[in-house]
Amino acid sequence: MKKQINILNDTILSLGSKAVGMILFMATDIMIARFLSTESYDEWSFFYAIITMCYWLVWFGINESVRVFVAKERKNIKRQNSNIRIGMKLRLLISGLFLLLFTIASIVFIFVGPSKNLRYPHLKELFVCGSLLCFANSLLEYFKAVFIGLVKFKNIFILTLAEFGGYFIFGVGCLVISKNIIGLGIGYIIAIWNAALIGSILLKKYLRESKCQYADSEYEKTIRWSIFKYAMPIFVVSIGSLLLTEMDSLMLGVMSETGEIGAYSIAKSLMGKLTHVNLAICTSTMTVFAVLTKENVNRMRKTFHKIMLGNVAVMLLICVAVLLFGPYVIRILYGVEYSKSGIVIIYLIPYYCGYAITIFMSALLDYQEKAKQRVPIYFAMILLNFILNMLFIPRYGAIGAAIATDFSLLPYLVGLIFLSQKVFKEKE
């Protein structure tokens with residue numbers, strides 16, 4: 001009974017953090033779209049697609065790897081704390097290297113890049129902001145991953161509120177004061193560094209309360225390589241994720257007319273935030289699959305099916321709501337100049353359905369240290385997405401990008417269904 005209450009509380013906190021993040025994200029994005037011209041919003045969307053891809057590169061799979069190893073050692077506080085400490089050292093090392101690389105690339109772009117870019121005139125200055133955004137984001141996401149492994153969803157809620165509340169307060173505030181897109185970038189830097197600082201304070205508080213007990217040095221030497229080794233397939237898979245998520249926006253920014261990337265960005269971002277409802281369910285329930293044995297496999301299979309059934313029910317309700325109200329809500333909130341986003345979001349419903357299902361199967365494979373099995377189908381998905389974008393974007397613009405995204409997810413969905421069933425059969 002107590003365990004069921006804890007799972008319910010975790011689910012409520014996880015859903016609450018996703019709801020708060022989604023509402024604050026929408027409020028921030030609406031204010032940005034309202035204060036910027038259509039051309040400037042296009043530029044911000046193009047830059048944000050690039051910087052999101054950089055986020056995934058800097059993560060390097062370390063965050064997800066540490067989450068898995070922390071969850072597996074839930075009954076051994078010394079090993080768990082050692083996993084956190086070793087993971088933090090790897091996080092700082094890799095983030096520092098990427099910060100150096102991005103800083104050098106930004107400097108080179110400023111002096112060597114095109115002197116004039118009429119479509120994206122502020123891109124050089126935004127790239128300077130991007131280096132600081134990437135470093136702080138990698139730390140913030142590391143803290144979130146650790147707290148998920150520790151099943152500390154209250155801290156996740158605090159960090160989500162700090163991050164997205166910061167974007168709204170500092171991002172929009174700096175935009176209003178400066179009246180230009182550079183001020184928006186500076187506001188985002190302030191927001192994400194503030195959230196990362198809060199994350200470090202919360203983690204130090206947890207370690208202090210656990211009396212900072214660590215495993216022996218021999219274990220730490222072994223686990224350092226294990227964490228890094230397992231991060232590699234996650235990193236490869238994450239490249240596929242970022243390409244699937246952002247490649248269409250980049251190709252739209254280069255191949256389409258003005259207004260297409262802005263329209264697509266709004267629809268894709270809103271649909272992406274709706275998947276956070278399903279992700280919240282996944283985050284709060286899937287940690288139990290970190291330990292799967294021959295003795296509990298039948299019970300865990302039934303549990304997985306029940307979770308998936310509840311997830312599909314939520315997914316269908318969201319699909320109906322988007323279909324009935326999506327276009328009207330976008331027109332009211334963003335303005336009539338972004339009406340096309342209301343059409344695009346309808347085309348993205350199949351993408352949402354596929355993503356809402358695959359995140360559970362991906363989590364199952366991750367917790368069973370089988371992330372590398374996803375790599376081949378990810379590459380198939382990336383290739384298909386690129387080909388379809390090349391075919392559809394020049395002719396159909398944002399709608400073409402949505403269609404390409406829908407169809408490219410199919411091989412990944414089918415592949416994960418097969419792999420997730422295989423995981424349970426192997427334990428029988």
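Close-up 1. At 7% relative accessibility, R67 counts as buried; here buried means under 20% relative accessible area, exposed means over 50%, and partly exposed lies in between, using a 1.4 Å probe and protein chains only. E64, at 31% relative accessibility, counts as partly exposed. The two residues form a salt bridge whose closest N and O atoms are 2.3 Å apart; the term stands for a side-chain nitrogen of Lys or Arg within 4 Å of a carboxyl oxygen of Asp or Glu. E64 and R67 are separated by about one helical turn because they are three residues apart in helix α3 (residues 62-72). Helices (H or I, at least four residues) and strands (E, at least two) are DSSP runs, numbered from the N terminus. By the salt-bridge rule, the count comes to four.

**A note on the model.** This is a predicted model, in which local features need pLDDT of at least 70 and side-chain atom pairs count only at pLDDT 80 or more, while totals for chains, interfaces and linings use all residues. Residues are numbered from 1 along each chain as its sequence is written, and side-chain values use heavy atoms, with hydrogens and water left out.

**Close-up 2. A salt-bridge network around K144.** Which residues are linked in a network of salt bridges? They are E141, K144 and E163. Start with E141 and K144, whose closest N and O atoms are 3.5 Å apart in their salt bridge. Both lie in helix α5 (residues 123-149), three residues apart, about one turn of the helix. Now look across to E163, which meets K144 in a salt bridge of 2.6 Å, N to O. This pair ties together parts that are 19 residues apart in sequence, because E163 lies in helix α6 and K144 in helix α5. K144 is buried, with a relative accessible area of 12%, and E163 is buried at 5%.

**Close-up 3. W44 and Y188, an aromatic pair.** A search of the whole structure finds 15 aromatic pairs. Rings of Phe, Tyr and Trp (its six-membered ring) pair if their centres lie within 6.5 Å; planes under 30 degrees apart count as stacked, over 60 as edge-to-face and the rest as tilted. The rings of W44 and Y188 have centres 5.2 Å apart and planes at 70°, so this pair is edge-to-face. The pair links distant parts of the chain, with W44 in helix α2 (residues 38-59) and Y188 in helix α7 (residues 181-209), 144 residues apart. Both W44 and Y188 are buried.

Close-up 4. F164 is buried, with a relative accessible area of 11%, and Y167 is buried at 4%. Step back to see the cluster that ring pairs build from W44, F47, Y48, F164, Y167 and Y188.

Close-up 5. Most residues other than glycine have a negative phi. F60 has a positive phi, near 60°, and K179 also has a positive phi near 60°. Are these residues buried or exposed? F60, in the loop between α2 and α3, is buried, with a relative accessible area of 17%. K179, in the loop between α6 and α7, is exposed at 70%.
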